[in-house]
Amino acid sequence: MKKLRLGFLCLFALAMLVGCQEQKARVNDENTFVVGMECNYTPFNWQTMNATDTSVSIGGAGYCDGYDVMIAQNIADKLGQEIEIKKLSWEGLLPALESGEIDAIIAGMTADETREKGIDFTTPYYESEMVMITRGDGEEASYDDIQQFGGKNIIGQKSTNYDTVIDQIENVQHATPKATYPEMVVALQKHEVDGITAELPVAQGVVASNPDLTIVHFAEDKGFDIDTSVSIGLKEGSRGAEFYEKVQKALDEISDEQRVGYMESARKNQPETGEPTDGIAIKDQGFFAKVTNIAKEYWPLFAYGVQITLILAFVGTLFGLLIGLLLGTLRSFTVEESDSLLVKICKKISHAFVGFYVWVLRGTPMMVQAFFLYYLLKPILQWTPLTAGMIIISVNTGAYMAEIIRSGIQSIDKGQTEGARSIGMTNLQTMMFIILPQAIKNQLPSIGNQLIVNIKDSSMLNVIGVVDLYFQSTSVAGSVYQFSETFFVTSLVYLFLTTIATVILNLIEKRMGHPKTLERGV
Amino acid sequence: MDTTIIKVEHLKKSFGKQEVLKDVNFHIDKGEVISILGSSGSGKSTLLRCINLLENPDGGCIYFHDKDVKSLELNQYRSKVGMVFQSFNLFDNMNVLENCMIGQIKVLKRNKQEAKEKAMLYLEKVGMSDFASKPSTQLSGGQKQRVAIARALCMDPEVLLFDEPTSALDPEMVEEVLKVIQDLAKEGLTMAIVTHEMQFAKDVSKRIIFMDQGVIVEEGTPEEVFEHTKHDRTKAFLHRFKQ
């Protein structure tokens, strides 16, 4: 018991420490220009382990580099502010801007009517060409009119214009959009789709990493009718305000030559286009060679993600257990005839509360809860994504734990309570010293199962920008454009973590004695 | 004159529509051993459980030293009225010694040293001191019941209630438990015992109470009840046992 307490304290201290570090790194004061981007959209922005002249550190998660970073740095310099890059998922960009977590979105985002409703865009900072990525050996490689793709299976990135423009092709098979380019590239290579809509620089990045693919340019007036310029997004309603004007002015001062130079530099620096160190071209490497390369090159990114994933899983399980103990116990106090009216009312209210808590938190996806709570409470609590993530996963786990503890309490023979009450122990003492220790012991497999679940489900918290193992993996995949290989590494890491956790849990179970009922498995 | 520890007046208890205790009046005096006999369903166990307030009586009064128990602090009262169950109800998460210490520490607020000494004293008395550090789940039924008795004694109760203490035991273990209760009786401990062990009841009791269908039918010394039985229902019951 003492050891348990000590371990708990250590974990708590660790959580606080990490929380504080994050806090320090993410103070959004007047001297910093905080920019949100995916760090997963080569050549506009990507994540890397290697610092360059143009890269910006994103804490333990390595560096962010790319065209967007250079533009952001340039503007920050002109504003006289320090640059800070915040890595966010595409869907997380707008809420972060709204809540004031970031000052600007510079993420290769195109200004369109729908987005204009929630964001005030500057003038474009890059204009490119809309192309199609196809397999190099297919008949599509020679097309020059979008209508030639009629009847073909075409895909575009989710929540972007590249998805909506597909319908401009008559009779097209419009595939369900995917979130990232690496995913779509795999779909194309596996003949699931016949073409991916893309902006030229992105397409060039893809083809550089995947030599089996090619770019289809369209002839004049035969291409997509779309605005391919990208703009800086600023907070809705800020147009005309001092900050907006300053950013716009800074952007205006970046000359065309400078912009072309930035893009060239980004194209040159982007990962995996250059020759690998061992001199073997990527296209010649087999699957496992690529996997090994990714693991070797990007292990610090994975390691950082593992650290965050473990913190989330352990903190979530422990605090979730505490919440579950409290709620499960409250739920288990039955209303008795002998109770005073006040006690009866208190018990009924607590039953209703626990019922509601479990109903809502177990009945909605954690991803939705995270999104909702994080941005709702952000203005009041000023919490960092990691702090928020730890709280949200704890609160969510608490709902499951409450049910586990409640059924654990129910499984204890009524005689245990009677024995304790007969020697004069109070309800609370009976619960704390007799019932709960047995309930916890009996439910250890289920409690341990929650830890395993949390190791995996913490990945959902990437929607609020928690840089966990999964989020790091998408970054790596986005940087190297090798989806299967990267996530093969990720799977191995997750499997390793859950295996270790299982071994530890088995040891604990053995030490605490076997649960009473053998059928209660994981 | 003996002082009365427990007095029960017009006790009523129903479970749903079934009236288990109809109108029970009885008392336990200091130093006496009472055995409560009766066929199953006659309300004997419910009577004991009502005295300990594990069940809430529907009507009537229970007095502890002439004070209505409703006016007493429930847990303080319970610590003074010990209970030994048919199913032992030892705490499965503790060893033998801990079972005997937890109540002393948490309810009587004794310090650990004091509680341990007391626990060992009573474990010695029931012949279980060698098992002090054994998990309670690893004991035999008879051993469990002896520990349960020690646990109850550790609270220094003024009266000890036994609810069929040997009914869940294998036959060869009944003796060891009855022996312990007999020793306690010799020392003058106040006890009320619900039991089906007729010979034991006869030997150990100062008074016998026979219950049937929720009421006390007959009450008297063992000799009066066993040898000069007045009521037909008692006769029928005793007759069944003699066979």
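Strand S7 of chain A, residues 104-105, pairs with strand S14(A) through two bridges, and the two run antiparallel. Strand S8 of chain A, residues 119-126, also runs antiparallel to S14(A), joined by five bridges. This is a predicted model.

- S14 of chain A spans residues 230-235.
- S14 is mostly covered, with five of its six residues buried.

**A nonpolar surface patch**
- A:Phe496, A:Ile500, A:Ile504, A:Ile508 and A:Met512 make a nonpolar surface patch of about 450 Å².
- One of these residues, A:Ile508, belongs to helix H18 of chain A, which covers residues 483-511.
- A:Ile508 has a relative accessible area of 38%, so A:Ile508 counts as partly exposed.
- That value can qualify for a patch because patch residues need over 30% relative accessible area and no salt bridge.

**An annotated span**
- An unreviewed UniProt entry annotates residues 306-505 of chain A as "domain: ABC transmembrane type-1".
- In the model, this span of residues 306-505 is 83% helix and 0% strand.
- The end C-alpha atoms of the span lie 19 Å apart.

Technical notes: Residues are numbered from 1 along each chain as its sequence is written. Chains are lettered from A and ligands numbered from 1 in the order in which they are written. This is a predicted model: local features need pLDDT of at least 70, side-chain atom pairs count only at pLDDT 80 or more; totals for chains, interfaces and linings use all residues. Side-chain values use heavy atoms; hydrogens and water are left out. Buried means under 20% relative accessible area, exposed over 50%, partly exposed in between (1.4 Å probe, protein chains only). Helices (H or I, at least four residues) and strands (E, at least two) are DSSP runs, numbered from the N terminus. Two strands pair if DSSP finds at least two bridges between them. Patches are made of residues with over 30% relative accessible area and no salt bridge: like charges are joined within 9 Å, nonpolar side chains (Val, Leu, Ile, Met, Phe, Trp, Tyr) within 5 Å. Accessible areas come from the Shrake-Rupley method with a 1.4 Å probe; for residues, only the protein chains shown count as cover. A salt bridge is a side-chain nitrogen of Lys or Arg within 4 Å of a carboxyl oxygen of Asp or Glu. UniProt positions are given in the numbering used here, feature names are shortened, and annotations may be inferred rather than shown by experiment.
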